[in-house]
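Here is a brief report for a reader new to this protein. Look over the sequence and the model first, then read on.

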Amino acid sequence: MKVGRFASATDPGRKRRLNEDAFVVRPPLFAIADGMGGARAGEIASALAASALNEAPAENGGGEELVKQLVQEGNRRVHERASSDPSTSGMGTTMTVALVEPNGDVTFGHVGDSRAYVLRDGQLEQLTDDHSLVAELVRRGELSARDAEMHPQRSVITRAIGTDPDVDVDAFTVRPQAGDLYLICSDGLSDMIPNSSIEEILRKHRDDLNAATKALVKAANRSGGDDNITAVLFEIVGDDAPAQTADPDQPTREHAAPSFDEEDTLHPEQGIAPPPAPSDTMVVPAAEIDAALAAEPGPAPPQAGIGRRLLALLVIIALIVVIVALVWWGLAR
Ligand code: MN
């Protein structure tokens with residue numbers, strides 16, 4: 001068995017200005033990282049964790065040991081940066097990785113509250129345990145699963161990538177069936193809609209995975225869109241089935257456009273100046289990560305934004321000077 005079709009979608013949601021989720025679609029490797037931290041630190045954390053996967057050699061096999069190593073490498077990168085760059089101190093990220101082995105086995109590595117699911121024979125099964133306060137209380141029988149869904153502290157996680165020099169990674173292997181559909185997603189999806197809705201959407205769009213990821217994002221936004229939403233889907237097919245050959249960047253790039261909410265319109269110069277450059281960290285091609293992260297510790301993108309705003313301000317001042325001069329000249333005649 002092998003990887004068949006795959007698709008991905010990410011969206012900032014309706015409440016957040018930045019998208020701090022990152023994902024990797026590099027068959028047979030798939031992953032999600034949901035970053036957290038002040039300013040742009042969450043974005044940096046998830047991008048650094050994803051970069052460890054994007055730069056990993058294309059392995060044939062490796063199993064749970066390899067998956068754990070990849071997550072540990074992500075942890076090392078995030079922790080190193082957080083320790084050396086005060087502006088990112090305390091940042092962290094979740095990480096859920098799936099690696100399809102040459103025999104079709106699907107090996108998972110998991111830290112945090114992003115989730116992996118499988119849709120098998122039309123039934124959705126959650127594969128990962130959330131490393132979250134609320135999930136811990138449910139496991140101990142101190143909170144019902146129903147109350148957990150609406151719990152105000154459901155986004156507090158108990159394990160993260162980058163907050164400590166070492167991290168304990170859950171690793172496990174699923175023996176697949178041909179026709180399995182695997183979903184990895186951030187909590188911006190799984191906190192907004194119940195598993196029953198995820199199952200319904202995946203069944204409805206089983207034949208069009210791009211439509212499925214878009215429908216998942218749409219449903220999470222319709223339920224409030226409180227957080228960044230990311231979904232990665234891939235299916236396992238028999239060896240004789242055709243594999244998808246399309247560039248995996250294609251479906252991801254169309255979602256990389258930045259969204260600007262009301263907050264941005266408070267800057268008057270944006271009426272004239274082009275909007276700040278979109279952040280590429282959601283898509284995380286290795287080369288761009290290197291350029292963005294290796295260069296300088298410290299938030300480079302905001303500096304570019306300041307330069308652009310300064311330019312816009314100068315243009316406005318020049319325009320005002322010209323208008324005042326014209327009016328004055330007009331009156332003087
Ligand atoms: Mn999240």
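Is strand 3 (residues 29–36) mostly covered or mostly exposed, and how many of its eight residues are buried? It is mostly covered, with seven of the eight residues buried.

## The chain as a whole

This is a predicted model. The protein chain holds 11 helices and 11 strands. It has 333 residues, and 48% of them are buried.

Take the contacts between residues at least 6 apart in sequence: 74% of them join residues at least 24 apart. The accessible surface of the chain is about 16,300 Å². Carbon and sulfur atoms account for 55% of that surface.

## Strand 3 and its partners

Strand 3 pairs with strand 2 (residues 21–26) in the antiparallel sense, over six bridges. A hairpin of two residues links strand 2 to strand 3. In this pairing, A22 stands opposite A33 of strand 3.

Strand 3 also runs antiparallel to strand 5 (residues 95–100), and four bridges join them. Here F30 stands opposite A98 in strand 5. Strand 4 (residues 92–93) is another antiparallel partner of strand 3, with two bridges. M36 has G92 of strand 4 as its bridge partner.

## Helix 2

Helix 2 covers residues 63–84, a run of 22 residues. From first C-alpha to last it reaches 32 Å, close to the 32 Å expected at 1.5 Å a residue.

Which residues of helix 2 are buried? Among them are G63, L66, V67, L70 and V71. Further along, G74, N75, R77, V78, R81 and A82 are buried too.

Technical notes: Residues numbered from 1 in each chain as written. Predicted model: local features only at pLDDT ≥ 70, side-chain atom pairs only at ≥ 80, totals over all residues. Heavy atoms only, no water. Buried < 20%, exposed > 50% of the residue type's maximum accessible area, 1.4 Å probe, protein only. Contact = heavy atoms within 4.5 Å. Areas by Shrake-Rupley, 256 points an atom, 1.4 Å probe, with all protein chains shown as cover. Expected span 1.5 Å × (residues − 1). Pairing = 2+ DSSP bridges.
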